[in-house]
Amino acid sequence: MAPYDRVNGAYGAPVAGWTGRWTDGVTHLLDLAQGSLSRDAVESEDLDAIASLAASLDAADRSGSWQTLADVPLLAGNDDETLSLQQREQELEANLRSIARVCERFITRLGEHSELLPVSRVKRPARRALERLSAHTEDWATRTLSGPVPRRALAVIREEDADLYENRMVTELVHPILTSALATRIRRLRRITSDLADLESAKDEGTHYRRFRLYRFWGADAARAAVSKGHASQTLEELEKLAAWVQSLRGSTLSVALRGRRTGQRSLRNTNVIANDRHYRAAGRVWSAYEREPEADETAEERRARFLSRHRAFDNYVLGLVVRSLDDLGYAPSQDEMPTGNTPVVLQGPWGEVTLTRTPAGVIVLTSHGHSARLIPLLDVVAPDDDPAAVADRWGSLAGAVDEPSVVVYLAASGAVRELSLGLATSMMSAGPDVADRGALLAGVPVSPLETTSLERVARAVALAVRAPALTDYPVPVQPRGDRMPRRLIEHLIRLGLTQSGYSPLFHVTDTIALRRPLTETERSRLEAEIQRLVGRTKAPGWERDLVAEIGLLGSAIDQAAHAAGMLLRCPLCGTTADPRQVDRDGDVFMITCGSCEARWGLERCGNCGGRIPVAEPESMIRNPEVVGPGWVERIYGRDALASPCWARAVPYRYVCPECRSCALASSPEGRGCIRCPQHPRH
């Protein structure tokens, strides 16, 4: 099959500098560049974390079971063993003083070499001294009858030679073995410590709903997060001290003398010196603890298979996050099954039916109420060594390729992305339509098995895909024959005045009629009585006779619409079903405040473009107003927010319109401190 771009499905040749972006319909296509310039040569702790989950993710994917994939571990490195000093690090800590001593007070052997010296400095002539003197008259001082008098002669010089196996072992242990191992471990532990810090701060930052989900995903509570963070910080401090000491040994007397000479071996050779000298024996124990596996000769095909396995593992990881998000939102298939190929699986949830499709290229498509959203897993978007300009170029390439709203889920540390320029970080940090450019179709979500908050970022993208269309599909059309209701029947229903006093309007009428909420018992009784009366009049002359079928189906059509509208009465936070009396507003917008948890959800009207804004907000208070910048919505509300609240964090119930990307406070005094709105044309 011809290659095509996974971002937009367009056929075309792959471009060098990307790995996994193009596919042939069966496998990912690797980077065309070779060697160190290839994106496949990139290594990072995030890639290592993905690799550590690969086997369990693959097994869950192959099982074809929804529940198995929903339960598969999606975090790496959050166990006590990872947070403590490893056995080999304890060995290093116990023996590093001996290694440092060897680096300054090392054994040598007495060596000899020949050197041409002035006669006055020669203590022991070399064997070839006379032979050379006879052949080199320039070394003669004068000639006599008994022979030449030498001016210079070849002498034997004795010296202490440090170039022994045992010394090479010590310097090679210092660098590169210990320096690289400690650097890798410290980078990984810093990421874990940062994640634990986020978990610890969650007790005071964000809503309690988000806090509960984070701790449940991580597997413990705030107290445990604080303990783990303290443990990890202590381990990190000890490792950094060890690394600093090891780094200082690279300039030791022994290291300078040997000038980087190595043993050329991966296993320790137990010599008499190592066996009998306690300091060399200590260095040998550390070598054995850090002993590396012999490097097998990796064929080109094996290397290719290893690179491809990373892409498959990441695709499965993103699918696991999406399935976990859907499951947490209450959406699941009636049978324990997963989508295969282009065959979708139908999910039932609180606000209706959702279809989940996974294409052969790994792209995840969620369809809700006739609207589809694409989530594209891409392993290679940001690499650890990419500078901001390179990241901007790569993101621009992706943004220029999409022709429909899409979310790229990519592997990266969220902290590094958040530090990019405001406009770039805004589009790459959140699935919410926060970018001021109303034509922007691409959003990004950074994820990593080393960050517990990854699930909340993906879950918001999933919530926008399944919940927002359910709201924008409101109100529900009443269609007795699956088509538009006749105008005469619409006018009759309006004249009837079914809406009970104290309730918001029952119908919204344009060229069609739509139901805004379920009927009360009083409204239903009046409707049933009127339908019976209309059915009776279909046998007499009049307009009713021309609409026999529509009148006969009117009751069931309104019941179907009431069932669909009734789904939206269920609180997206606590699951409590609101009473129809709580449906506020009129026309094609509504707002409900939960009587149990006080969450708000519904549709607001944009004051700029007149469009409707799908809203879900857990609480009215402005929590943690000091938290601002790209990704702040996920840090405060997580998946619970649909449209982003105003970035100014000054006035409640103000939102960024997903259509025109404007904010109600953009030109008001309350919005002057907003870091987002100065970019907007309205400001």
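This is a predicted model: local features need pLDDT of at least 70, side-chain atom pairs count only at pLDDT 80 or more; totals for chains, interfaces and linings use all residues.
1. Two strands are taken as paired if DSSP finds at least two bridges between them.

2. Strands β17 and β18 form a hairpin with six residues between them. Strand β17 comprises residues 591-593, and three bridges join this strand to β18 in the antiparallel sense. In the turn, Glu598 has a positive phi of about 70°.

3. Strand β18 also pairs with β19, again antiparallel, over six bridges. Here Gly602 has Val615 of β19 as its bridge partner. The hairpin of β18 and β19 has six residues between the strands, and Gly610 takes a positive phi near 80° in this hairpin.

4. How many residues of β18 are buried? Five of the six residues in this strand, which spans 600-605, are buried, leaving β18 mostly covered. In a regular strand, side chains alternate between the two faces of the sheet.

5. Two further residues deserve a check of their backbone angles. Most residues other than glycine have a negative phi. His369, however, has a positive phi near 55°; the residue is located in the loop between β10 (364-368) and β11 (371-378). Because its relative accessible area is 30%, His369 is classed as partly exposed.

6. Asn624 likewise is not a glycine and has a positive phi, of about 50°. Its place is the loop between β19 (612-617) and α20 (632-636). Is Asn624 buried or exposed? With a relative accessibility of 12%, Asn624 counts as buried, because the cut-off for that class is under 20%.

7. Most peptide bonds are trans. The bond from His175 to Pro176, by contrast, is cis, with omega near 20°. Pro176 lies within helix α6, residues 165-201. A cis peptide bond also joins Tyr474 and Pro475, with omega about -10°. Pro475 is found in a loop, between α16 (454-472) and β14 (476-477).

8. Which residues gather in the patch of positive charge on the surface? They are Arg101, Arg105, Arg278 and Arg281. Arg278 belongs to helix α11, which covers residues 278-289. Arg278 counts as exposed because its relative accessibility is 57%, and the cut-off for exposed is over 50%.

Conventions:
Residues are numbered from 1 along each chain as its sequence is written. Side-chain values use heavy atoms; hydrogens and water are left out. Patches are made of residues with over 30% relative accessible area and no salt bridge: like charges are joined within 9 Å, nonpolar side chains (Val, Leu, Ile, Met, Phe, Trp, Tyr) within 5 Å. Accessible areas come from the Shrake-Rupley method with a 1.4 Å probe; for residues, only the protein chains shown count as cover. A salt bridge is a side-chain nitrogen of Lys or Arg within 4 Å of a carboxyl oxygen of Asp or Glu. Lys and Arg count as positive and Asp and Glu as negative; His and the chain ends are not counted. The place of a charge is taken as NZ of Lys, CZ of Arg, CG of Asp or CD of Glu. Helices (H or I, at least four residues) and strands (E, at least two) are DSSP runs, numbered from the N terminus. Buried means under 20% relative accessible area, exposed over 50%, partly exposed in between (1.4 Å probe, protein chains only).
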